[in-house]
Amino acid sequence: MVDTLEYLRRGGRIGRAQELIGSLLQFKPLLSIADGEVQPIGRARTKQKALEELLRRAGELRPFQEAMVVHATTPDDLDYVVQRLHGMEPEMPITVGRITPVVGVHAGPGMIAFAIAPAINPRTILARMLIYAPPLRRS
């Protein structure tokens, strides 16, 4: 989640009109990275609603194996997200940190992000291995 649209406009991700309207309506875009590309997954009118929506989406991936939470300039938001994630999975390890300036220049101050690694079910892995196993060659 980014807190301001200014840096998305500066980076060429959105136009001036989108920035103006989004800023007037106080939209907080919810973004995802899939296959190396940034994709919009929604938007919220306030920062708190944006965080809640991201946490709701994360909750759909339970059970978790581990998580990582990073922020640009908002350690209080980071603590809040970490507490909520621990509430969902108390034993899950969570790595915390700050984003690098390379990412920060595109996302801007106030950005917070997290990544979730869903727990792996051994039966699912075995089923996938069996499904994708190459056929045996007989000599």
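User: Why is Arg 84 called partly exposed?

Analyst: Arg 84 has a relative accessible area of 30%. Buried means under 20%, exposed over 50%, and partly exposed lies in between (1.4 Å probe, protein chains only). So Arg 84 is partly exposed.

User: What kind of model and numbering do these values rest on?

Analyst: The model is predicted: local features need pLDDT of at least 70, side-chain atom pairs count only at pLDDT 80 or more, and totals for chains, interfaces and linings use all residues. Residues are numbered from 1 along each chain as its sequence is written, and side-chain values use heavy atoms, with hydrogens and water left out.

User: What makes Arg 84 and Glu 52 a salt bridge?

Analyst: A salt bridge needs a side-chain nitrogen of Lys or Arg within 4 Å of a carboxyl oxygen of Asp or Glu. The closest N and O atoms of Arg 84 and Glu 52 are 2.6 Å apart. The pair therefore meets the rule. It links distant parts of the chain: Arg 84 sits in helix 4 and Glu 52 in helix 3, 32 residues apart. Helices here are DSSP runs (H or I, at least four residues) and strands are too (E, at least two), numbered from the N terminus.

User: Is Asp 77 buried or exposed?

Analyst: Asp 77 has 16% relative accessibility, so Asp 77 counts as buried. Its side chain meets that of Lys 47 in a salt bridge (2.8 Å, N to O). Lys 47 is in helix 3 and Asp 77 in helix 4, 30 residues apart.

User: Why is Glu 60 called exposed?

Analyst: Glu 60 is at 55% relative accessibility, so Glu 60 counts as exposed. Glu 60 pairs with Arg 56, with the closest N and O atoms 2.5 Å apart. Salt bridges that share partners join Glu 53, Arg 56, Arg 57 and Glu 60 into one network.

User: What makes a set of residues a nonpolar core?

Analyst: The members are buried Ala, Val, Leu, Ile, Met, Phe, Trp, Tyr and Cys residues, joined through side-chain atoms within 4.5 Å. The largest such core has 15 residues; Phe 64, Val 69, Val 81, Leu 85 and Ile 94 touch the most other members. Helix 4 gives the most to this core, with 5 residues.
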